[in-house]
Protein chains: 2
Amino acid sequence: MRVTILAHEQFPGRAKTAQGILRYADYDVVAVLDRDRAGERVSAHIPDVQDAPIVAGMDDVDQPVDALVIGIAPIGGGFEESWRPDVRTALERGCDVISGLHFFLEDDEEFVELAAEHGGDLWDVRKPHDELTVSEGVAADVSADVVCTVGTDCSVGKMTASMELVEAAREAGHDAAVIPTGQTGIVVEGWGNPIDRVVSDFTAGAVEEMIVEKGDDHDLLVVEGQGSIVHPAYSAVTCGILHGSMADKLVLCHDAEREVIHGYESFELPPIPTYVDLYESLAAPVREADVVAGMLNTAGLDGDDDARDAIATFEDELGGAATDPIRFSAEEILEAIV
Amino acid sequence: MRVTILAHEQFPGRAKTAQGILRYADYDVVAVLDRDRAGERVSAHIPDVQDAPIVAGMDDVDQPVDALVIGIAPIGGGFEESWRPDVRTALERGCDVISGLHFFLEDDEEFVELAAEHGGDLWDVRKPHDELTVSEGVAADVSADVVCTVGTDCSVGKMTASMELVEAAREAGHDAAVIPTGQTGIVVEGWGNPIDRVVSDFTAGAVEEMIVEKGDDHDLLVVEGQGSIVHPAYSAVTCGILHGSMADKLVLCHDAEREVIHGYESFELPPIPTYVDLYESLAAPVREADVVAGMLNTAGLDGDDDARDAIATFEDELGGAATDPIRFSAEEILEAIV
């Protein structure tokens, strides 16, 4: 599929979904739309992902495109009216439009009409489907091993860890798949349940549904975790994913520089061993699972030596092997997992 | 407010909401509707709550009524068409209709029209309001002490414990209030957020909203817990309530005869000390809270002696005072809480 990614004024740093697509998706990225960086190229900013030109808008894209993906999410998840011309142009060209915003494309009359007129689809990634229900507690019955990424906070690299782990497992010959639970993962994989938007009673059930669907087709499933079990706002989602996945093993993700909960600065992160105990003891009544490895985001550290030191400390604290899957490679910890 | 309670074919045993209203609500119950028990009285079944006649339907209620409450919830939470004549009659008489079903009265064309025509209101207790959002982690800032009831499973008596605790505290001179989180609690109290129906990301936020709203008007808030932290399906809701409430103290509720998760019989309940550790260690990163007391449902035991023995064992296991608030009195453990 050939896509353009809308990332106006936020590429690359604040365009998490755009980055995820460039790095992991099986899409051919024709262009990134960022009016602030028109004329530049992706490779100038992120060297190790697929390259693409950056243009000011859909009107500057001459090649055929199958879909426009909204690759950014402003605070609040609303739709910026300045993006409307790009979405309109895409729909008029018959493209699909894919969005992970809280705002739903399907609630916009103009978009609905244009999509119908020109034969494009609107895919609101964050809109849960209607048949979700409560968990039956059966995810452990699938034949695949199930690994769940868990975190010390939001935005510490759980999605990245999940993707890298699956890639490394595939390279080692395993039949591995990601179970996507958030908007970027869902856009990248092309399917999934947006766990943070489902009815709270169905949190575990929405994870279980995906595992039951895929669990007998693969050897290894890596469930993309969300939030953190110590997060004042999002721990419910984390807990539902942990229990709904009935994981066999857990991988703890952390950012080397994180000391307090992002956006909730009065809440300090507990020590790493506390996380290990908490995730393991919370998992146990539903399904015994150990934290077997760690993923440390060291992007904020200067140089590989400092990163290695930080990883060594993290390994001591969690009692298992760890790496930074971007700076180094998820392959380093694969043995602990498969 | 003068109400009738619809409980066809399920009173008293399977009419949890009806029982809750009869026992705790500040409503004058004019009649219970149960076509299987027409001509009987409430007092013949539940001696220690307000008495009312049981009749076959709304047509048999001669007195003025302000509202009809749906007091039962069939599996699946749907609306039984055999109830329609009663709801219709109530609306034609200008009554409000209150429902905690998954099915929404507001989605029924006939009910909407009748309500509009005769001036009654439809209140779907389980429909979350539109302004819910994520928690800010500020529930602990209110002046009231916050106590949260937590449980070993669903349906072990958390709602009852919360109501009884508040009544006992009030009798002892405290200004106490319940924070209702489920349909029965909400109907009884006349307000509240149905936590199991909110968007999963807003689970903690929906609890916090209520505590912030009421927390400076009372000395003591008792948050009605839901589910259990070890429940394969509902633990997300439990976790969100625990962290959203930022409780100062926890009260562990248990059923003396429960050994496996209700409806999930392959999952054994862990030992009581495991629950204490789990709830306390999970609460701590957001807000330190100890399990200070227990509530044991001994309805399934014969005689007070057996109940006292079971309570003594429960006290040993949890390391605090416990009682059965229905068989005995919540007053017995009040000292541990206020």
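Modeller: In chain A, 55% of the 338 residues are buried, where buried means that 20 or more other C-beta atoms, placed from the backbone, lie within 10 Å of the residue's own. Please keep in mind that this is a predicted model, in which local features need pLDDT of at least 70 and side-chain atom pairs count only at pLDDT 80 or more, while totals for chains, interfaces and linings use all residues. Residues are numbered from 1 along each chain as its sequence is written, and chains are lettered from A and ligands numbered from 1 in the order in which they are written.

Biologist: What radius of gyration does chain A have, against a compact globule?

Modeller: Chain A has 20 Å, which agrees with the value near 20 Å for a compact globule of 338 residues; the radius is taken over C-alpha atoms, and the rule is 2.2 Å times the number of residues to the power 0.38.

Biologist: How many helices and strands are there in chain A?

Modeller: Chain A has 10 helices and 14 strands, which are DSSP runs numbered from the N terminus, with at least four residues of H or I for a helix and at least two of E for a strand.

Biologist: Switching topic, which domains is chain A divided into?

Modeller: There is domain 1 (2-124) and domain 2 (139-337), with bounds from an automatic or database domain assignment. Their centres, taken over C-alpha atoms, are separated by 27 Å. Domain 1 of chain A brings 9 residues to the contact and domain 2 of chain A brings 6, counting two residues as in contact if their C-beta atoms, placed from the backbone, lie within 7 Å.

Biologist: And which element gives the largest share of the domain 1 side?

Modeller: Helix 1 (residues 16-24) of chain A does, with 5 residues.

Biologist: What order do the strands take in the open sheet of 6?

Modeller: The order is 8-9-7-10-13-14 in chain A, with parallel pairing, and strands pair if DSSP finds at least two bridges between them. Strand 8 (176-179) and strand 14 (321-323) of chain A are the edge strands, each pairing on one side only. Within this sheet, strand 7 (residues 145-151) and strand 10 (residues 249-255) of chain A pair over 5 bridges, and A:Cys148 stands opposite A:Leu250 in strand 10.

Biologist: Which strands does helix 7 of chain A lie across?

Modeller: Helix 7 (residues 235-245) of chain A lies across strand 7 and strand 9, running at about 165° to strand 7; axes are lines fitted to C-alpha atoms, for helices over the stretch in contact, and angles run from 0 to 180 degrees between N-to-C directions.

Note on methods:
A residue is buried if 20 or more other C-beta atoms lie within 10 Å of its own, exposed if 12 or fewer, and partly exposed in between; C-beta atoms are placed from the backbone.
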